[in-house]
Amino acid sequence: MRELHIRVLVGVFVVAGVLSWAGARLWNSVGTLPSVPLAAPIVLALIAAVLLSTALSLRARLKAQRERRPGAKGVDPLMAARAVVFGQASALVAALVAGMYGGTGVFLLELLDIPARRDQAFYAGFCVLAGIAVIAAALFLERVCKLPEDDDHDNSGAEPVS
């Protein structure tokens with residue numbers, strides 16, 4: 001499984017933000033801009049909490065397993081892999097959603113004198129913060145589930161494959 005790179009997440013965030021900002025400007029000039037829902041930052045925060053609790057649980061179980069504590073419950077490798085895949089997918093979606101609401105929020109900064117738009121700008125800002133929390137929790141989960149590196153990198157005893 002490939003590691004999730006920050007560059008990819010930042011790229012998705014920036015592209016989504018620029019496209020969302022441009023789309024918000026266009027949509028506002030044609031008609032009314034759709035509102036930023038209050039549920040968006042709440043859902044992202046819930047996903048971040050699930051990812052963080054999964055990472056903390058797996059970390060505690062792996063530590064107990066390494067220390068060979070009696071009654072320690074092991075970690076199923078397939079379950080850990082599924083958790084990492086869920087974390088990676090959540091991080092990518094969070095980068096996309098946070099970029100989308102970030103771009104909309106930047107556009108809404110021009111309209112802060114309207115109370116409804118000011119509230120939507122706050123919701124968009126909270127979406128960006130919650131998206132960053134999802135990304136941080138997903139990267140922490142990936143780090144917890146990462147297998148230790150092999151000490152022997154040079155394969156000195158192995159025959160070359162022809």
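Buried means under 20% relative accessible area, exposed means over 50%, and partly exposed lies in between (1.4 Å probe, protein chains only). You are looking at a predicted model, where local features need pLDDT of at least 70, side-chain atom pairs count only at pLDDT 80 or more, and totals for chains, interfaces and linings use all residues. Residues are numbered from 1 along each chain as its sequence is written, and side-chain values use heavy atoms, leaving out hydrogens and water.

**First stop: Phe140.** Select phenylalanine 140, which sits in helix α4 (helices are DSSP runs of H or I, at least four residues, numbered from the N terminus). Because its relative accessible area is 23%, Phe140 counts as partly exposed. Beyond its neighbours within four places in sequence, Phe140 is in contact (heavy atoms within 4.5 Å) with Leu52, Ala55, Leu56 and Arg59.

**Next: α2 and α4.** Show α2 (39–66) and α4 (115–144) together. They pack at an angle of about 15°, with axes 8 Å apart. That makes α2 roughly parallel to α4, a word used for angles under 35 degrees. Their contact holds 23 nonpolar residues, two polar and one charged.

**Last stop: the core.** A nonpolar core is a set of buried Ala, Val, Leu, Ile, Met, Phe, Trp, Tyr and Cys residues joined through side-chain atoms within 4.5 Å. Which residues touch the most other members of the largest one? Pick out Leu58, Leu108 and Leu141, among its 33 residues. Helix α4 gives the most to this core, with ten residues.

Technical notes:
Helices (H or I, at least four residues) and strands (E, at least two) are DSSP runs, numbered from the N terminus. Axes are lines fitted to C-alpha atoms, for helices over the stretch in contact, and angles run from 0 to 180 degrees between N-to-C directions. Angles under 35 degrees count as roughly parallel, over 145 as roughly antiparallel, 65 to 115 as roughly perpendicular and the rest as oblique. Ala, Val, Leu, Ile, Met, Phe, Trp, Tyr, Cys and Pro count as nonpolar, Asp, Glu, Lys and Arg as charged, and the others, Gly among them, as polar.
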